[in-house]
Amino acid sequence: MKNLLIIYHSKGGKNQRMADAVKAGADHPDIEDVAVRFLRAPDAADQDLLWADGIIFGTPENFGYMSGALKDFFDRTFYEVEGKVDATPFCIFIGAGNDGQGALMSIRRICKGYNFKEIQEPLIVVGDLGDDDLTRCEELGMGMAAGLEAGIF
Ligand SMILES: Cc1cc2nc3c(=O)[nH]c(=O)nc-3n(C[C@H](O)[C@H](O)[C@H](O)COP(=O)(O)O)c2cc1C
């Protein structure tokens, strides 16, 4: 059994819908040996990182950075897990207004500090969410879960 952690923040609902779609993909019935833990960033803690074999981070871009709630999660957990989560695979989704690059860069920089390993291209949705975007979110979640189950990452 592998463990997949999805941590996200949403204020206006867009990233919530993206996160729900990511979770739906990770929960695909063909993937039987992956447990999914689905948490808003304020509800997540260091023990969740220690539990996880893979992580998906989701956030809006706020002021050219990840959301404060996700940054707070990193602030609360770094020293607690340092050296215990090396090479944990992760990927990122971002629902942004402009280009999401500030959020992406900031998450990547911090994940380098944890020594996490990015294993899929980030999914960034700018502007309104369409059905095709939600399909890509599902695929992100499914790809991560399937890769963990198969031992690819
Ligand atoms: C306070 C605030 C700051 C924002 N700053 C940015 C920004 O720097 N770059 C950007 O692309 N979008 C920015 N946005 C837009 C949000 O990223 C965008 O509306 C996003 O879809 C919100 O996601 P949510 O509905 O999940 O909260 C900002 C929104 C808010 C509320």
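Which polar backbone atom is 2.7 Å from an oxygen atom of the ligand? That of glycine 64. This is a predicted model, in which local features need pLDDT of at least 70, side-chain atom pairs count only at pLDDT 80 or more, and totals for chains, interfaces and linings use all residues. Residues are numbered from 1 along each chain as its sequence is written, and side-chain values use heavy atoms, with hydrogens and water left out.

Back to the ligand. Glutamate 61 also has a polar backbone atom by a ligand oxygen, at 2.6 Å. For glycine 95, a backbone N or O atom is 3.3 Å from an oxygen of the ligand. On its own the ligand exposes 640 Å², and the protein buries 71% of that (Shrake-Rupley areas, 1.4 Å probe).

The shell next. There are 16 residues around the ligand, and Ser10, Gly12, Glu61, Gly64 and Asn98 come nearest (a residue counts as near if one of its heavy atoms lies within 4 Å). By class, the shell has nine polar, four charged and three nonpolar residues; Gly counts as polar, and Asp, Glu, Lys and Arg as charged. Helix H1 (14-26), strand S3 (54-62) and strand S5 (89-96) supply at least two residues each. S3 gives the most, with three. Helices here are DSSP runs (H or I, at least four residues), as are strands (E, at least two).

Last, a helix pair. H3 (residues 68-81) packs with H4 (residues 101-114) at an angle of about 10°, their axes 10 Å apart; axes are lines fitted to C-alpha atoms, and angles run from 0 to 180 degrees between N-to-C directions. That makes the two helices roughly parallel (angles under 35 degrees).

Conventions: A polar contact is a pair of N or O atoms within 3.5 Å; within protein, one must be able to donate a hydrogen and the other to accept it, and residues adjacent in sequence count only if both atoms are side-chain atoms. Angles under 35 degrees count as roughly parallel, over 145 as roughly antiparallel, 65 to 115 as roughly perpendicular and the rest as oblique.
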